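Please keep the sequence and the structure in view while reading the points below.

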Amino acid sequence: MSIIPFANSNVYELVAYQPGKPIEETARELGLRPEDIVKLASNENSMGPSPRAVEAMQQAAAGVHIYPDGASFALRSRVAAEHGVDFSNTVVANGSSELIELLGHALLRPGTQVIAADYAFTLYPIVAKLLGADYVSIPNRDKWTHDLDAMLAAITPQTRLVFITNPTNPVGTMVSQEELETFISRVPEHVVVAIDEAYIEFAGLPTDSVKLVKEGRNVVVLRTFSKAYGLAGARCGYAITSPEMADLLNKARSPFNVNSFAQVGALAALDDKEHIARSVEMVCRGRRQYVEFFEQLGLEYVPSHTNFILVNVGNGVEVFRQALAQGVIMRPMAAYGLHEYIRITIGNDRENARCIEVLNEILQK
Ligand SMILES: *Cc1c(COP(=O)(O)O)cnc(C)c1O
């Protein structure tokens, strides 16, 4: 007896999202202590969360027998104030991953189409396929940068959603405000453009995608507390969009999607701008160290606007395995078809030094 013939074939055929290898699992396998593992695989903030967020979450623990505020009123109000938009322009969710899924629920069904760039976040095709939509991946311009003209040309009457990841993951490149505005002004009105800004705090080019929401464009700006804010474990992200679109997303979510800790942690984190500034400074310093090292070894890399860097090491999976054996976790890129590459999250000074030491040993052999 098997349930498979009766299951939703969209789900059955999915390949589940592959996260970075967890620290505990790696420590167990290698017989090391978790403290000895350097994890540079999931673009987390090695500086940790803001101490203010930690304190707020600790205080919230005693009240955890009460359901969280289902409307996330305080956090949505704070997000609205942060961006100079109305409460009705905001949605908060269990990570921006949930927002990506909600966009799918709101817009996709069999016969519709999603467009994204090559090497995009693997959750986009998962959500598209889950909902029976077609997923169209557009080759980049100069291999690494979104080709917005080609993405525009790929739009059909069936297209409902286009993802622009800015800066991109796992590549690290960006499109400029001007390119973005030109693109958005040419997108037909049956298409929603999701601008996923998971790494915007690290970006070297100034952009203002919320301006496009204010102008009434069909745009959903996605932000997360998982990367620069250092709250990946709390699970919180938000969207800025039209009241109409926000309403659709809010209808599609589950009633208490953002837990009590995430709500107060994110609220406190938004107030600690110094922590973000220090984190960005750490990443910029680390990025320079990696670039210097790659140039010494003559390795091809992609200049990055994010807290990670993509580098050609010849055989990505093999280098990943050898580094893993020494307790350094990076991300092989074979799942993206980039077999020669690994993606390294920029960590703190100690982690970067260890990673460079291990890579140097492996690559000099
Ligand atoms: C990390 C990441 C996210 C955010 O994920 P969360 O669910 O908020 O933790 C979204 N988009 C991209 C491109 C990412 O890399």
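Between domain 1 and domain 2 of this predicted model, eight residue pairs are in polar contact, with both residues of each pair at pLDDT 80 or more. Across that interface, however, the rule finds zero salt bridges, although the count by this rule comes to 20 salt bridges.

- The protein chain is divided into domain 1, made of residues 4-48 + 274-364, and domain 2, made of residues 51-271, and the centres of the two, taken over C-alpha atoms, are separated by 23 Å.
- To the contact between them, domain 1 brings 31 residues and domain 2 brings 33 residues.
- The area buried between domain 1 and domain 2 is about 2,500 Å², and carbon and sulfur atoms give 68% of that area.
- Within domain 1, the residues that lose the most area to domain 2 are Tyr 17, His 305 and Tyr 336, which together account for 26% of what that side buries.

**What the side of domain 1 is built from**

- On the side of domain 1 that touches domain 2, at least two residues each are supplied by helix H1 (9-12), helix H12 (273-297), strand E10 (308-312) and strand E13 (341-345).
- Helix H12 gives the most to this side, with six residues.
- Sorted by class, the side of domain 1 that touches domain 2 has 16 nonpolar, 11 polar and four charged residues.

- Side chains of opposite charge can pair when their charged atoms come close.
- Glu 179 and Arg 141 form a salt bridge in which the closest N and O atoms are 2.9 Å apart, and this pair links distant parts of the chain, since Glu 179 lies in helix H8 (residues 177-186) and Arg 141 in the loop between strand E4 (134-138) and helix H7 (148-153), 38 residues apart.
- Glu 179 is partly exposed, with a relative accessible area of 29%, and Arg 141 is partly exposed as well, at 32%.
- Arg 223 and Glu 197 meet through their side chains in a salt bridge of 2.8 Å, N to O; Arg 223 counts as buried at 16% relative accessibility, and Glu 197 counts as buried at 1%.
- Glu 44 and Lys 39 also meet in a salt bridge, at 3.1 Å from N to O, where Glu 44 is partly exposed at 31% relative accessibility and Lys 39 is buried, with a relative accessible area of 17%.
- A network of salt bridges links Arg 78, Glu 82, Asp 271 and Lys 273.

Terms used. Residues numbered from 1 in each chain as written. Predicted model: local features only at pLDDT ≥ 70, side-chain atom pairs only at ≥ 80, totals over all residues. Heavy atoms only, no water. Salt bridge = Lys/Arg side-chain N within 4 Å of Asp/Glu carboxyl O. Buried < 20%, exposed > 50% of the residue type's maximum accessible area, 1.4 Å probe, protein only. Helix = DSSP H or I, 4+ residues; strand = E, 2+ residues; numbered from the N terminus. Domains from an automatic or database assignment. Contact = heavy atoms within 4.5 Å. Buried area = accessible area lost by both parts, 1.4 Å probe. Polar contact = N/O pair within 3.5 Å; in protein donor to acceptor, adjacent residues only side chain to side chain. Nonpolar A, V, L, I, M, F, W, Y, C, P; charged D, E, K, R; others polar.
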